[in-house]
Amino acid sequence: MNLLVPRAVTSNTFNATLRSANPRASFRDYPALLAARCTQASLQSHKHSRHQQQHYRQQRDIRLSLSHPAVTFSTATPKQNKEEEGAMAAPAPADTTNLIESAKRAACRQAVADHFNSSFTYVGIGSGSTVAYVVEAIGELGPAVTGKMKFVPTGSGSTALIRHAGLSVLQVPDLLLEVGFHPETTDHQPIDIYFDGADEVDAELNCIKGGGACHFQEKLVSRLSKRFICVADSRKKTDRLLSNWAYIPVEVSPMGAEYVRRELLRIGSVDPKIRTSGPTFIRTITDNHNHIIDAPFPNPLLLNSEADKVDPAKGIWTPEALLARIKGIFGVLEVGIFSGLNGPQVAQRSTDVEGVKPVKAYFGRPDGQVETLG
């Protein structure tokens, strides 16, 4: 994960509270302490522009915030009254941020308790900010449990998390060399389990990922994993994708970025933009040395079970239909829609089928409870 990458759009109040600790924390509020240890010096010069954040809010008429003084997660839209908007304009209390982090930690600890097994050999660790608490929970088990395990990261950021916890790092190319290639085997998922977050999760466990510009690596690790467990706070749960999250992240070749952007306009994206970082609008560079296009669409996505209602001319898509359409654009490496089959389903089918959807999602709530889906 590239820790210099900006996150999605939230209200200015929430951004202002978290930017002091980490500029990537505009939506997924990366744990400040861990970020400070890893990247404090470099992050100060790469804050995401307020202008671009305001643009996405205007395009989707969405304003995500934590209302004040209430300490519950909420969404605010332009339809809400002025009293509510005035409340959102007030500085967010420190307790609100603590509640979010407590919710994320609770979700991660429950997920680890339910799914982590001492018999595992390879464990995938994603790039989502919430995953820091997964690594924390696993690290607390001690070398007696984790000493023989190897942890497969999805980017430079998760590599740092694993090393900081004293766990053994194994990059994907080294993993594949270590397990070897055996054409006759039916097991093409050497990673026992994969933990990661998401920017948004719908009722069918389809996800949007890529706010941290690591969705190519995340899909690669997910394809190699027997099970993907998603961890998040309850703000990420929604009935339909693109209900709250503003755009689809698309990783593209730098040379083809403008071409892809124009093709996204042709299929109905509303002013897709090449992602930039910092006050000088430097284009964001992924771990793969590519660019990211953030592509808003005018309507929330349908569920895949509603495929009969797809109408591209009217901007009506399912996750699978939109994923396939964007992937078909020349110059696109990967799309931040995780949809289709999950790991266990792929294990029962042909090896060329993509299996990147989580089998279960854990959502931490501000009241301290954890709800699950799947």
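In what order do the strands of the open sheet lie? In this predicted model, local features need pLDDT of at least 70 and side-chain atom pairs count only at pLDDT 80 or more, whereas totals for chains, interfaces and linings use all residues. Residues are numbered from 1 along each chain as its sequence is written, and side-chain values use heavy atoms, with hydrogens and water left out.

**View 1. The open sheet of six strands.** The order is β4-β3-β5-β8-β18-β19, and the pairing is mixed; strands here are DSSP runs (E, at least two residues), helices are DSSP runs (H or I, at least four residues), and both are numbered from the N terminus. Two strands count as paired if DSSP finds at least two bridges between them. At the edges lie β4 (150-153) and β19 (370-373), each of which pairs on one side only. From one strand to the next, the twist averages 20 degrees, where axes are lines fitted to C-alpha atoms (for helices, over the stretch in contact) and angles run from 0 to 180 degrees between N-to-C directions.

**View 2. Strand β3 and its neighbours.** Strand β3 is joined to β4 by four bridges in the parallel sense, and three bridges join β3 to β5, again with parallel strands. Ile 125 has Pro 153 as its bridge partner in β4 and stands opposite Phe 195 in β5. In a regular strand, side chains alternate between the two faces of the sheet. Along β3, Tyr 122 and Gly 124 point one way while Val 123 and Ile 125 point the other way, and all are buried (under 20% relative accessible area, with exposed meaning over 50% and partly exposed in between; 1.4 Å probe, protein chains only).

View 3. Strand β18 (residues 360-364) runs antiparallel to β19, to which four bridges join it, and Tyr 362 has Thr 372 in β19 as its bridge partner. Helix α10 (residues 215-223) packs on the sheet and touches β3, β4, β5 (193-196) and β8 (228-233), contact meaning heavy atoms within 4.5 Å. The direction of α10 makes about 150 degrees with that of β5.

**View 4. Two loop residues with positive phi.** Most residues other than glycine have a negative phi. Leu 205, in the loop between β6 (200-201) and β7 (207-208), has a phi near 70 degrees and is buried, with a relative accessible area of 7%. Asp 271, in the loop between α11 (257-266) and β10 (273-274), has a phi near 55 degrees and is partly exposed, with a relative accessible area of 25%.
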